[in-house]
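Please prepare a briefing on the side-chain contacts of the model shown here, covering charged pairs, aromatic pairs and charges placed over rings.

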Amino acid sequence: MKLYDTIEGMRAACRAARSDGKRLGFVPTMGALHEGHLSLVRAAKAGCDLVAASIFVNPTQFGPAEDLAKYPRTFDRDRNLLEKEGVELLFAPSVEEMYPAGAVTWVEVDGLSSKLDGRSRPGHFRGVTTVVAKLFHVVEPDEAFFGEKDAAQVAIIRRMACDLNFPTKIVACPIVREPDGLAMSSRNAYLDAPQRKQALALQRSLMRVKKLWEAGEHDGEKLVAAGREEVARESVVRLDYFEIVDAENLDPVRNVGSGALAAVAAFVGTTRLIDNVRL
């Protein structure tokens with residue numbers, strides 16, 4: 001695996017790798033890798049001729065009161081994991097390399113970026129789409145792989161790629177869970193033992209709604225109420241949102257048909273977690 005920390009170096013390496021017609025897969029990450037990230041690498045390996053990845057803790061997607069400073073940084077471990085999975089090219093730029101002094105240009109997907117997590121975290125998705133657009137320009141991947149746990153992010157990046165005519169196919173990969181059902185997340189590392197157990201309220205709320213829907217309840221308001229009620233059973237968990245939305249435009253769905261997305265976000269202590277399930 002070759003490591004690059006400059007845009008010029010990574011761009012040249014990616015273009016050289018694709019010069020003989022090979023398909024290049026790309027997995028962008030913020031590091032602190034877990035099995036969910038590695039599943040994206042494996043999907044990229046299966047669908048492409050070679051794989052590039054990035055490790056960059058993007059400051060522009062964190063709000064002023066969020067966890068940028070304490071976000072876990074485990075670069076040496078992450079690099080070793082990616083190399084073991086067969087990643088050929090790794091991009092690990094500095095903040096100054098990605099955001100040079102004086103940069104004032106942003107990429108924002110209007111409307112979508114203010115829904116779900118975007119409503120709770122103003123400016124978050126503007127930071128996400130800006131850095132992903134920049135990474136796409138550097139790597140120029142044929143396919144880019146993202147986890148379905150960040151369902152709103154997937155919808156927004158799909159829209160961005162379409163609107164800006166990126167020739168990159170956006171591939172969404174299934175959520176990877178712990179044996180007890182908790183969705184894998186880098187932020188799970190913040191949870192102590194009691195909080196780890198309390199966090200299962202998110203998954204229970206989704207499973208209750210899925211079970212009700214499969215039993216024939218398709219009223220969106222009733223399903224959302226059931227999901228919120230399940231989270232409320234765990235008194236220390238503070239609900240941010242529970243919604244059932246269209247997976248593409250993220251608008252609330254009143255008559256819930258097949259393919260709708262049930263999504264939840266909640267705070268366990270000071271740690272904000274998200275999860276979702278397709279109905």
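D67 and R187 meet through their side chains in a salt bridge with an N to O distance of 3.0 Å, a salt bridge being a side-chain nitrogen of Lys or Arg within 4 Å of a carboxyl oxygen of Asp or Glu. This pair links distant parts of the chain, 120 residues apart, with D67 in the loop between β3 and α3 and R187 in the loop between β6 (169-173) and α8 (193-198); helices (H or I, at least four residues) and strands (E, at least two) are DSSP runs numbered from the N terminus. Both D67 and R187 are buried, where buried means under 20% relative accessible area, exposed over 50% and partly exposed in between (1.4 Å probe, protein chains only).

The model is predicted, so local features need pLDDT of at least 70 and side-chain atom pairs count only at pLDDT 80 or more, whereas totals for chains, interfaces and linings use all residues. Residues are numbered from 1 along each chain as its sequence is written, and side-chain values use heavy atoms, with hydrogens and water left out.

**Other salt bridges**

- The count of salt bridges comes to 23.
- E66 and R121 form one of them, at 2.7 Å from N to O, and the pair links E66 in the loop between β3 and α3 with R121 in the loop between α5 and α6 (124-139), 55 residues apart.
- E66 counts as partly exposed at 30% relative accessibility, whereas R121 is buried at 12%.
- R204 and E230 meet in a salt bridge of 3.7 Å, N to O, which links helix α9 (residues 200-214), where R204 lies, to helix α10 (residues 220-232), where E230 lies, 26 residues apart.
- R204 is partly exposed, at 34% relative accessibility, and E230 is buried, at 12%.
- Through shared partners, salt bridges join R204, R208, E229, E230, R233 and E234 into one network.

**Aromatic pairs**

- There are three aromatic pairs, counted where ring centres of Phe, Tyr and Trp (its six-membered ring) lie within 6.5 Å, with planes under 30 degrees apart called stacked, over 60 edge-to-face and the rest tilted.
- The pair of F56 and Y99 is tilted, because the ring centres are 6.3 Å apart and the planes stand at 35 degrees.
- F56 is buried at 6% relative accessible area, and Y99 is also buried, at 18%.
- F62 and Y71 pair edge-to-face, at 5.8 Å centre to centre and 75 degrees between the planes, and both residues are buried.

**Charges over rings**

- The charged end of K70 sits over the ring of Y190, 4.7 Å from its centre, the criterion being NZ of Lys or CZ of Arg within 6 Å of the ring centre and within 35 degrees of the ring normal.
- R238 lies over the face of F267, 4.2 Å from the ring centre.
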